[in-house]
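Keep it short and group the points by topic.

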Amino acid sequence: MSGKKIVCRCNDVTVEDVEALIDSGVTDIEELKRLLRIGMGPCQGRTCIPIVLSILARKTGRRQEEIPLPRARVPIRPVRVEVIVGGADE
Amino acid sequence: MSKIAVIGGGIIGVATAYELAKLGEDVILFEKNYFGSGSTFRCATGIRAQFTDEANIRLMKHSVERWEGLEEELGSDIVFRQTGYLFLATSEEEVEAFKANIRLQNKFGVPTRLIDMDEAREIVPILNTEPFLAGAWNPKDGKANPFKTLFAYLFRARELGVDARGHTEVIGFERAGDAITAVKFRSNGKVESVRVDAVLNAANAWAPLINEMAGLSRGLVPITAYKHQLVKTEPLEPGQVEPLVCPPSWNDAYIIQDGEDGGIICGAGIEHKARSLEDYEPTYDFLRGVLEYAVRIAPPLRYAHVVRQWAGFYAKTPDSNPAIGKLLENFYIAAGFSGHGFMMAPAVAQAMAELISKGRSRVPLDWEWYDPYRFERGELRSSAFQIG
């Protein structure tokens, strides 16, 4: 792992992975998200999305504020299935 | 070489653009949002030939054969795995129906067979066998990664010269008689137009709007968007639920382990007519409903964590079969896939590209069955078996 800079700890995505994909022409945050699985792990992007946005801004010459955030979805943190189905009997 | 416009950057549009470029056509592809943003990136990943009618069985048999060679053809890992589909019967009547379906599938070379619950448990170690009498098992069915598949097609299409434009919205056509002569589109606020020899409407849930722009009635191909949701758990050890497992009588509920990260994707036929074509909000009733089914199918899932939930559209026609064919002299449609677009894409894209480019196709696609004018004539096909 030496020398690798991890962007997403849920799915082991590196800075190099992100930059290579941007270089191949994928510059939409929603597309980057799905191809790299950033923001789709247990932390739901709290770590990786801001880093990827800054890389994307730097590589494309855009201001970070101009890049829309990917859509956030429930649950914002992992929930055990039995907590949800247990509620059915209440 | 003809100039062909493809509208819709989902799997059907992108794969057809690729197939057209392979045939030497000059293709321009329009996606109004990001690629895959409609139904493709929200699908449950499943690929199956276990349908209950000849047209869909034959089409999907061909499609699975194309899937088998797709990684090599596109030169990219798309995580295609033939991990099977296992349908589970809960009554003797259903077992008999399964046997009839299996006979039909076997007739066309699909190797489905009836299995007992001991064998089912070997295939799915965490299966609750108690409620089920038998399973319909086809080991050639499978799954693939929709994100990687779409981009594998897109990258190859671009290499072959396809002008693929994301965030570019088609806003109208020029029409002369029964032919479309130009496509008007908008990107970054700028309106442009391109002369074309043919157009494919591959916009799925949005296809009626494109038809209307071409001067056709919105109801000619009556596609309605139904919100279909999925829930995914944290990664589990591979091998727990590799096939798609579905007892159809439990509201078409199903579970399938993601081929890449091992999370369990849970779906069910708890559907809502979408309020609009932007109605992607997941709902709590779905979350609870689908998980109740999931733990009845595989009780250990009770102890897993839910990580994600999302919604997409089943772009449904009245008989759950897509509309595939010609609408005007040079205006074609492949839309209304009712949840089956991803699995059908390799076959439909090849068929559609050959039809547009050569006027006929080698693909065993029953054009009469999928005829887009059938709704206007009041002819419905037997409803396509609709799961994953």
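Domain bounds come from an automatic or database domain assignment. The model is predicted: local features need pLDDT of at least 70, side-chain atom pairs count only at pLDDT 80 or more, and totals for chains, interfaces and linings use all residues. Residues are numbered from 1 along each chain as its sequence is written, chains are lettered from A and ligands numbered from 1 in the order in which they are written, and side-chain values use heavy atoms, with hydrogens and water left out.

**The pocket**

- The second largest pocket holds about 360 Å³ of space. A pocket is an open set of points on a 1 Å grid over the protein atoms alone, where a 1.4 Å probe fits, with protein on both sides within 12 Å along at least five of seven lines. Its volume is the space filled by probe spheres set on the points, which are joined across faces, edges and corners.
- The lining counts 31 residues, each with an atom within 4 Å of a point. Nearest the centre lie R37(A), M40(A), F147(B), K232(B) and D258(B).
- By class, the lining has 13 nonpolar, 12 charged and 6 polar residues. Asp, Glu, Lys and Arg count as charged; Ala, Val, Leu, Ile, Met, Phe, Trp, Tyr, Cys and Pro as nonpolar; the others, Gly among them, as polar.
- Helix 2 (29–36) of chain A supplies at least two lining residues, as do helix 5 (146–159), strand 13 (224–235) and strand 18 (305–316) of chain B. Strand 13 of chain B gives the most, with 4 residues. Helices (H or I, at least four residues) and strands (E, at least two) are DSSP runs, numbered from the N terminus.

**Chain A meets chain B**

- Contact (heavy atoms within 4.5 Å) joins 28 residues of chain A to 33 residues of chain B.
- The rule finds 4 salt bridges across this interface. A salt bridge puts a side-chain nitrogen of Lys or Arg within 4 Å of a carboxyl oxygen of Asp or Glu.
- R37(A) and D258(B) form a salt bridge (3.4 Å, N to O). Both residues are among those nearest the pocket centre.

**Domain 1 meets domain 2 in chain B**

- The C-alpha centres of the two domains lie 30 Å apart. The contact takes 17 residues from domain 1 and 14 residues from domain 2.
- Across this interface the rule finds 1 salt bridge.
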